[in-house]
Amino acid sequence: MQFSLSRRAFAASAALLPIACSRAGGAALGQSAAPDAATPAIPPVNPLVKQRADAQLFRHEDGYYYMTGSVPEYDRLVLRRSKTIAGLATAEERVLWRHQASGPMSGFIWAPELHQIDGRWIMYFAAGPSGGGEDVFRIRTYAVVCDGPDPMTGNWSVLGQFQAPWDSFNLDSTSFVHRGTRYFAWAQREPGIETNSNLYIAPLASPLTLAAPATRLTVPTLDWEIRGFKVNEAPAVLERNGRLFMTYSASATDARYCLGLLTADADADIMDVRSWSKSPEPVFATCRETSVFGPGHNSFTIDEQGRDLLVYHGRDYEAIDGDPLFDPNRHTRVQRLYFDAQGRPDFGVPVGNGPLPERFESTVRPGAWMAHGGMRLFSGTAPLPQTQFRSLPLPDGSVHLSPILMPDHCIASGSDGGLVLQPLSQMGEGRSGGRFRRTPGLASGRIRLVSQAAPGMAIAFTPDGLTLASVASSAAEWSIA
């Protein structure tokens, strides 16, 4: 998170002693496990949690999803949990700790991350002193620790300050285990380098001390990394397909905020900067078509089916009055993370507000997706965002199928009986041409999209595009991805 010395002073509120949380629930130690299968998952709706920036969301082995993030007041550490991702939207949130009355942790608090290290729950966060002036942005990384096995019910107290290589602005720490070694990655301003923050990595000797000298992974130099501020921050790590991927956020925290990507071979020496390559372009950025601005500070998790999810924050609008950091509406959002043919993540675009979109793949022509190019519907290959459609539920149990890049349109029967994209505003009561009922296919994970305007007909694949065909046709069956 970058800073400006011209920002208005931050007034710290009174400190509280460590808070004992009262919500019950057991917590086993470890990584992830499937939630209770007897409780079917309800799909998440974006934004998942409003006014929670810098979100970290993960699934623990106790079957719960845990979520923390920065609050608009920047004055406390919070945590919520749920058996489902969708349930986090309404889950009770507990305050674990509040900033102190005076001293180095009495002002801004942001970018918390919860980790379990050596059997203890530890939450890292960035903090600075109160009082106004330049000193309020003397941001350093600290940790609090829980005295019990359940982070929602234990007492939390200060563990100490992260012993960074330099006594300089640092924040946005994360921790991960790779090939049996626990690493720490963070953002810091390095003396002698005229940037706001760079990214660093090192193995941990203890939760607050490094076991070896740090490696500088990246410095913001590309044009999309230095818009407003020269920033590389908020690392998040994912290992998939024989590679280690590290996302990071760049530029100012307004609509220019975006994600970059570092990649290393999973078997390489990740402490050697030469093992990492940087994507030359941002991999995730503002999308005006979907009305999500400044997406960034992400984390990764998996959904109830074990599929990869991207977690991030973003605003619903571009224009901001004053300092972006004091605009409260960076909302926590989630969406499916896909991978391309080379096994690299394809982030697509922020999918926008509403139910999570899906992709429909033909069962008779694998690799052919329901897609659109502008107003033209077809079935074939296309960039990821052109293959994502949102099912908008209707009172009668049917749905409108709306492309994420054209959220004010839906698939409908044209005057010639073909399928076209038409404005949702034309889909008034009594008009069934844009209504489809999702029915099961012949195999698990497959569906048919049955037209409510043409009984016995459903959306079907043809080499020339999309059409309505008999529900008995194999071409009318789609796999969901």
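The term salt bridge here stands for a side-chain nitrogen of Lys or Arg within 4 Å of a carboxyl oxygen of Asp or Glu. Side chains of opposite charge can pair when their charged atoms come close. Arg-138 sits in the loop between E7 and E8, while Asp-167 sits in the loop between strand E9 (156-161) and E10, so this pair ties together parts 29 residues apart in sequence. (The strands, labelled E, are DSSP runs of at least two residues, numbered from the N terminus.)

Before going on, keep in mind that this is a predicted model, where local features need pLDDT of at least 70 and side-chain atom pairs count only at pLDDT 80 or more, while totals for chains, interfaces and linings use all residues. Residues are numbered from 1 along each chain as its sequence is written, and side-chain values use heavy atoms, with hydrogens and water left out.

How open to the outside are the two partners? Arg-138 is partly exposed, at a relative accessible area of 34%, and Asp-167 is exposed, at 58%. Those words have cut-offs: buried is under 20% relative accessible area, exposed is over 50%, and partly exposed is in between, using a 1.4 Å probe and protein chains only.

The whole structure holds 23 salt bridges. In another one, Glu-239 pairs with Arg-179, the closest N and O atoms being 3.0 Å apart. Glu-239 belongs to strand E15 and Arg-179 to the loop between E10 and E11, so the pair ties together parts 60 residues apart in sequence. Then look at Glu-477 and Arg-446, whose side chains meet at 3.1 Å, N to O. They are 31 residues apart, with Glu-477 in the loop between strand E35 (465-470) and strand E36 (478-480) and Arg-446 in strand E33 (residues 446-451). Here Glu-477 is buried, at 4% relative accessibility, whereas Arg-446 is partly exposed, at 31%.

Now for the nonpolar side of things. A nonpolar core is a set of buried Ala, Val, Leu, Ile, Met, Phe, Trp, Tyr and Cys residues joined through side-chain atoms within 4.5 Å. The largest one has 42 residues, and Trp-110, Tyr-124, Ile-201, Met-246 and Trp-276 have the most contacts inside it. Among the strands that each supply at least two residues of this core are E6, strand E7 (120-127) and strand E8 (140-146). Zoom in on Met-246: beyond its neighbours within four places in sequence, its contacts include Ile-201, Leu-217, Pro-235 and Trp-276. Contact means heavy atoms within 4.5 Å.

Finally, the gaps. Rolling a probe the size of a water molecule over the atoms shows where empty space is left. On a 1 Å grid over the protein atoms alone, a cavity is a set of points where a 1.4 Å probe fits but cannot get out; lining residues have an atom within 4 Å of a point. The search finds 1 cavity of 30 Å³ or more. Its lining consists of Ala-111, Glu-113, Asp-172, Ser-173, Ala-234, Pro-235 and His-297. Strand E6 (109-117), strand E10 (170-178) and strand E15 (232-240) each supply at least two of the lining residues.

Technical notes:
1 Å grid on protein atoms, 1.4 Å probe; cavity = no way out; pocket = protein on both sides within 12 Å on 5 of 7 lines; lining within 4 Å. Points joined across faces, edges and corners; volume = space filled by probe spheres on them. Helix = DSSP H or I, 4+ residues; strand = E, 2+ residues; numbered from the N terminus.
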